[in-house]
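Me: I've got a model open and I'd like to learn how to read it. Can we go through it feature by feature?

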Amino acid sequence: MERKQLMQDFKEQFGHKADRVLFSPGRINLIGEHTDYNGGKVFPCAITMGTYGVVKKREDKEVHAFSGNFPEVGEITFNIQDLSFKKEDNWTNYVKGMIRYMQEKVGELPHGFDLYIYGTIPNGASLSSSASLELLTGVIVRDMYQLDIPQLDLVKLGMRTENEFLGLNSGILDQFAVGMAKKGYAMLLDTNTLEYEQVPVELPDHKIVIMNSMTRRELVDSEYNTRREQCEQALEQLQEVVDVKSLGELSVEAFEEHKHVINDDVLMRRARHAVYENVRTDRAAEALKAGELNTFGQYMNESHKSLDEDYEVTIKATDYLARAAWKEAGVAGARMTGGGFGGCCIAIVENEDVDTFIDHVGRGFKEEIGHDAEFYIAETADGTKEWVAHE
Ligand code: GAF
């Protein structure tokens, strides 16, 4: 993406020169899925696909927002004194939610701003385009008014926007990955304490290939919130016999010993996924740190199977991608990434096998599923910040 082009697009839209350009990444989660609202571990990194924001302060209290991805939607205008959710305000609801919760923290902002955004994350691909936009807004507003809000607080406000403004009861995985990431590293995050460890993820002999099933995921409309409720119900039942605050605190052994108290097979399976996935995430991170990529890959494969069989958040298209990947030469492991119900899978593939891998999996996918998948090579990125042109 060219900075010059973005500045020019802004000028064409708003008729004056922009002040600044920022970039907010998307994310992939290497392993640790549906553990974040269960007090467990996640292991994401931010990627260079993300959202650019070009911005200029206004003199009034309005925000004028335009997305280069949805020119047909046109310019959306709202006032920072009226930040209620409105369906017709489309993608800007994420912007509104963030500003609303920031204002709750620091008081009403003196002015609004003109905002041009351009995103390179395909929508609904489970690569966190929403968290990317939330953190972009957070950093824009904070820096514009030099507000004293640490990045981690913006992360939490992003999650609040998702939970309270949009109605998706997600955990903190996406916003944390987007806000706190460091290029070259994945973060092993304990979602219970928010302590995290940065683990190098630049793999000299391998690429992380993102496989997009091109089947749009609609988390709010999907069963995401139901999954969370099912985990909470299973936890309540387990709490009759074990003293834990979250499923993330349970060892595999403790779970196996007490799982019989869960009175419903579906609830038991949901909890089983959360407990095993949490333990798996820790072990997988250890394997990566030790350079045991094939062991890491085995954990990825197990994670996918558990998300398929116990958690039931995979679909035919993502199952095809992961399972086809497992059969290819040079593949350490593959799994779905993100919330599921469509979206993307990731695979760790030896450099020299990447082209054949994409060709084989792509062709098989088209035959079996009936439309084309898309493939991208993941490159890690820093968390949301001012965009420096040479990056
Ligand atoms: C979505 C949610 F937003 C995250 O909080 C997380 O639960 C993820 O699904 C599943 O691991 O991306």
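Me: Let's start inside. Which residues does Leu 321 touch, leaving out those up to four places away in sequence?
Reply: Keep in mind that this is a predicted model. With that said, Leu 321 touches Met 211, Ser 213, Cys 345, Val 361, Phe 365 and Ala 373, once residues up to four places away in sequence are set aside.

Me: How many residues are in the largest nonpolar core, and which have the most contacts inside it?
Reply: The general idea first: in soluble globular proteins, nonpolar side chains tend to be buried together. Here the largest nonpolar core has 98 residues, and Leu 321, Cys 345, Ile 346 and Ala 347 have the most contacts inside it. There's also a second, separate core of 13 residues, including Leu 250, Ile 262, Met 268 and Ala 274.

Me: Now a sheet. In what order do the strands of the open sheet with 4 strands come?
Reply: Reading across, the order is E10-E11-E9-E12, and the pairing is antiparallel. At the edges sit strand E10 (331–336) and strand E12 (374–377), each pairing on one side only. From one strand to the next, the twist averages 20 degrees.

Me: How many bridges hold each pair in that sheet?
Reply: Go pair by pair. E10 and strand E11 (residues 344–350) have 5 bridges, in the antiparallel sense, and Met 336 has Cys 345 as its bridge partner in E11. Then E9 joins E11 through 7 bridges, again antiparallel. In that pair, Lys 207 stands opposite Val 349, while Asn 212 stands opposite Cys 344. Finally, E9 and E12 pair over 4 bridges in the antiparallel sense, with Met 211 partnered by Phe 375 in E12.

Me: Why is E11 described as largely enclosed?
Reply: Count its buried residues. In E11, 6 of the 7 residues are buried, so the strand is largely enclosed by the rest of the structure. E9 is mostly covered too, with 5 of its 7 residues buried.

Me: Which helices lie across this sheet?
Reply: Look for helix H10 (residues 316–326), which lies across strand E9 (206–212), E10 and E11 and runs at about 170 degrees to E10. Helix H11 (residues 354–369) lies across E9, E10, E11 and E12, at about 20 degrees to E9.

Me: Can we zoom in on one residue? What does Val 354 contact, beyond its neighbours within four places in sequence?
Reply: Val 354 lies in helix H11. Leaving those neighbours aside, Val 354 is in contact with Lys 207, Val 209 and Val 349.

Me: And how exposed is Val 354?
Reply: A residue needs 20 or more other C-beta atoms within 10 Å to count as buried. Val 354 has 18, so it's partly exposed. For a sense of distance, the C-alpha atoms of Val 354 and Ser 132 are separated by 28 Å, and these two residues are 222 residues apart along the chain.

Me: How do I read a pair of packed helices?
Reply: Two packed helices are described by the angle between their axes and the distance between the axes. The crossing of H2 past H4 is right-handed. Among the residues that meet there are Tyr 94, Gly 97 and Tyr 101 in H2, and Leu 157, Gly 158 and Phe 165 in H4.

Me: Last one: which feature does UniProt place at residues 9–57?
Reply: The unreviewed UniProt entry gives "domain: Galactokinase N-terminal" for residues 9–57. In the model, that stretch is 12% helix and 53% strand, with its end C-alpha atoms 17 Å apart.

Definitions and conventions
Residues are numbered from 1 along each chain as its sequence is written. This is a predicted model: local features need pLDDT of at least 70, side-chain atom pairs count only at pLDDT 80 or more; totals for chains, interfaces and linings use all residues. UniProt positions are given in the numbering used here, feature names are shortened, and annotations may be inferred rather than shown by experiment. Helices (H or I, at least four residues) and strands (E, at least two) are DSSP runs, numbered from the N terminus. A nonpolar core is a set of buried Ala, Val, Leu, Ile, Met, Phe, Trp, Tyr and Cys residues joined through C-beta atoms within 7 Å. A residue is buried if 20 or more other C-beta atoms lie within 10 Å of its own, exposed if 12 or fewer, and partly exposed in between; C-beta atoms are placed from the backbone. Two residues are in contact if their C-beta atoms, placed from the backbone, lie within 7 Å. Two strands pair if DSSP finds at least two bridges between them. Axes are lines fitted to C-alpha atoms, for helices over the stretch in contact, and angles run from 0 to 180 degrees between N-to-C directions. A crossing is left-handed if the near helix is turned anticlockwise from the far one by less than a right angle, and right-handed if clockwise.
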